Amino acid sequence: MQGNRLSEMLGVRYPIVKGGMAWCSGAKLAAAVSDAGGLGLIGGGSMEADLFREQIQKARRLTDKPVGVNIPLTFRQSKELIEVAAEEKVPVIFISAGSPKRYTSMFKELGAKVFHVVSTPEQAVKCEKAGVDGVVTEGFEAGGHNGREELTTMVLVAQTARLVSIPILAAGGIASGRQLAAVMALGAAGAQIGSRFAVTQESSAHEKFKQYCVEAGSDSTLVVLKKKIPVRMMDNPFRAGLIEAEHRGASGEELLEILGEGRPRRGMFEGDLVDGVLEIGQVTCMMDDIPTAKEVIDNIIKEYQEVRNSLPPL
Ligand SMILES: Cc1cc2nc3c(=O)[nH]c(=O)nc-3n(C[C@H](O)[C@H](O)[C@H](O)COP(=O)(O)O)c2cc1C
């Protein structure tokens, strides 16, 4: 794959970003992705400020390639994480949720590249106006938190490409070279991938969670908590209880109470497949192994090259 404007902007070989993922993406995975030619992000969404700083510094020891960070503005510690990212002079910052106006100019003045995660084309337009360097358009297929609008990657990327001129990183449902080729055809300049990297050897997720993802089928994930914070979860007894509560008309507050504190940690990091929250994208049904991050990238690039030259004639 020849470098394109996005890979040049990010200073990487391939325009493939490993998204920030709570409980799955520390320095080890981020550095492995960057070493393999993509851009690894340290996921701040599950870290206290001290741990976040430690992981940024650790990634620098593990690789001489650029490593970025992801900070969800909904996270209670987001302000502290923003300060750490600024102090540590992180070269690429991915912000999710919240307003793109809030920190873009501050990071740009520090010389960082700023990307914002969106779930609608209209949000992407606002981001461009706020001066971000690029957007991540995350479709409804994705693992983790989802947009209320339920736009799929297919429509979200294509429509966003009609409205903005900054580079678009497509996210949601991408784990193979075929899927990368598809989003490039829609107008993306690259892809942000989550689920596929959550289930790799370097991911900090629990082995039981990784194995559960490998065994999942196409009906294993659903978006729940739509009234409050829509999130795509794997089937397990905890999710069944939540769905039951939703069906009997539980209020948003009641649902949040059932969710309680610490369930994503319990599920994804500690491997409690019964009572924990297990976040993964639809594309888990296509994952049948636990490779290294480098194998993921190499396979995607190889398949992308093959597919690019062999589309059926019309
Ligand atoms: C387990 C898990 C945790 C995630 N946590 C975050 C997060 O903390 N912040 C964020 O912006 N996105 C988060 N995401 C979304 C990813 O960064 C990425 O955009 C998404 O996974 C892409 O879709 P895919 O899962 O189909 O590859 C998470 C995704 C997963 C699977």
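**Reading the sheets, domains and ligand shell**

Author: This is a predicted model. Helix 2 (residues 27–35) lies across strand 1 (16–18), strand 2 (39–43) and strand 3. Its angle to strand 2 is about 170 degrees.

Reader: In what order do the eight strands close into a barrel?

Author: Read the order from neighbour to neighbour. Here it is 1-2-3-4-5-6-8-9, and the pairing is parallel. On average, neighbouring strands of this sheet are turned by 25 degrees against each other, direction ignored.

Reader: How many bridges join strand 3 to strand 4?

Author: Two strands pair if at least two bridges are found between them. Strand 3 and strand 4 (residues 92–96) run parallel and are joined by four. To place the pair, find Val 69: Ile 93 in strand 4 stands opposite.

Reader: How many bridges link strand 10 and strand 11?

Author: Four, in the antiparallel sense, with strand 11 covering residues 231–234. Thr 221 stands opposite Met 234 in strand 11.

Reader: Which domains does the assignment give?

Author: A domain may be built from separate stretches of chain. The assignment gives domain 1 (5–204 + 288–308) and domain 2 (207–283). Their C-alpha centres lie 23 Å apart.

Reader: How many residues of each domain are in contact with the other?

Author: Count both sides. Domain 1 has 24 residues in contact with 17 residues of domain 2. On the domain 1 side, strand 7 (144–145) and helix 9 each give two or more residues. Helix 9 gives the most, with three. That side divides into eight nonpolar, 11 polar and five charged residues.

Reader: Where does the ligand lie?

Author: Ask which domains supply its shell. Domain 1 and domain 2 both give residues, so the ligand lies between them. The shell has 30 residues, and among the closest are Gly 19, Gly 45 and Gly 194. Strand 3 (67–72), strand 9 (190–193) and helix 9 (195–198) each supply at least two.

Reader: How does the shell divide by class?

Author: 13 residues are nonpolar, 14 are polar and three are charged.

Definitions and conventions: Residues numbered from 1 in each chain as written. Predicted model: local features only at pLDDT ≥ 70, side-chain atom pairs only at ≥ 80, totals over all residues. Near = placed C-beta within 6 Å. Nonpolar A, V, L, I, M, F, W, Y, C, P; charged D, E, K, R; others polar. Domains from an automatic or database assignment. Contact = placed C-beta atoms within 7 Å. Axes fitted to C-alpha atoms, helices over the stretch in contact; angles between N-to-C directions.
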